[in-house]
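Trainee: I have a new structure to look at. Could you walk me through how to read it?

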Amino acid sequence: MAGKRKNYIAEIKAKVALEAIRGEMTVAELVAKHGVHQTVINTWKRQAIEGR
């Protein structure tokens, strides 16, 4: 049985996406820092760039 999906508030998504866009840390470092999967971080980054 699968676990419950995590829901993140917009402020967390924006913060992580901006850190990813700035490129000061690698995605792997952001994963360790925030505990969010790399695919999620890349999705948030893409959405931020596209303006969604």
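**Reading the surface, the helices and the salt bridges**

Mentor: Gladly! Let us begin at the surface, where Leu18, Ile21 and Ile49 make a nonpolar patch of about 280 Å². Keep in mind that this is a predicted model.

Trainee: Where does leucine 18 lie, to start with?

Mentor: Leucine 18 belongs to helix H1. Its relative accessibility is 43%, so it counts as partly exposed.

Trainee: And arginine 22, is that residue buried or exposed?

Mentor: The idea is to compare the relative accessible area with two cut-offs: under 20% is buried, and over 50% is exposed. Arginine 22 has 54% relative accessibility and therefore counts as exposed. Its place is in helix H1, which covers residues 10–22.

Trainee: Now the salt bridges, please. How many does the model have?

Mentor: To find one, look for a side-chain nitrogen of Lys or Arg within 4 Å of a carboxyl oxygen of Asp or Glu. By that rule there are two salt bridges. One of them joins the side chains of glutamate 19 and lysine 33, at 3.4 Å from N to O. This pair links distant parts of the chain, as glutamate 19 is in helix H1 and lysine 33 is in helix H2 (residues 27–34), 14 residues apart.

Trainee: Which residue forms a salt bridge with arginine 46?

Mentor: That partner is glutamate 50, and the closest N and O atoms are 3.9 Å apart. Here is the general idea: an α-helix has 3.6 residues a turn, so residues three or four places apart point the same way. In this case, arginine 46 and glutamate 50 are four residues apart in helix H3, so about one helical turn separates them. Arginine 46 is partly exposed at 42% relative accessibility, and glutamate 50 is partly exposed too, at 45%.

Trainee: How many residues does helix H3 have, and what comes just after it?

Mentor: Helix H3 has 13 residues, 38–50. From its first C-alpha to its last it reaches 18 Å, close to the 18 Å expected at 1.5 Å a residue. Just after H3 comes glycine 51, which takes a positive phi of about 85°.

Methods
Residues are numbered from 1 along each chain as its sequence is written. This is a predicted model: local features need pLDDT of at least 70, side-chain atom pairs count only at pLDDT 80 or more; totals for chains, interfaces and linings use all residues. Side-chain values use heavy atoms; hydrogens and water are left out. Helices (H or I, at least four residues) and strands (E, at least two) are DSSP runs, numbered from the N terminus. Buried means under 20% relative accessible area, exposed over 50%, partly exposed in between (1.4 Å probe, protein chains only). The expected span of a helix is 1.5 Å times one less than its number of residues. Patches are made of residues with over 30% relative accessible area and no salt bridge: like charges are joined within 9 Å, nonpolar side chains (Val, Leu, Ile, Met, Phe, Trp, Tyr) within 5 Å. Accessible areas come from the Shrake-Rupley method with a 1.4 Å probe; for residues, only the protein chains shown count as cover.
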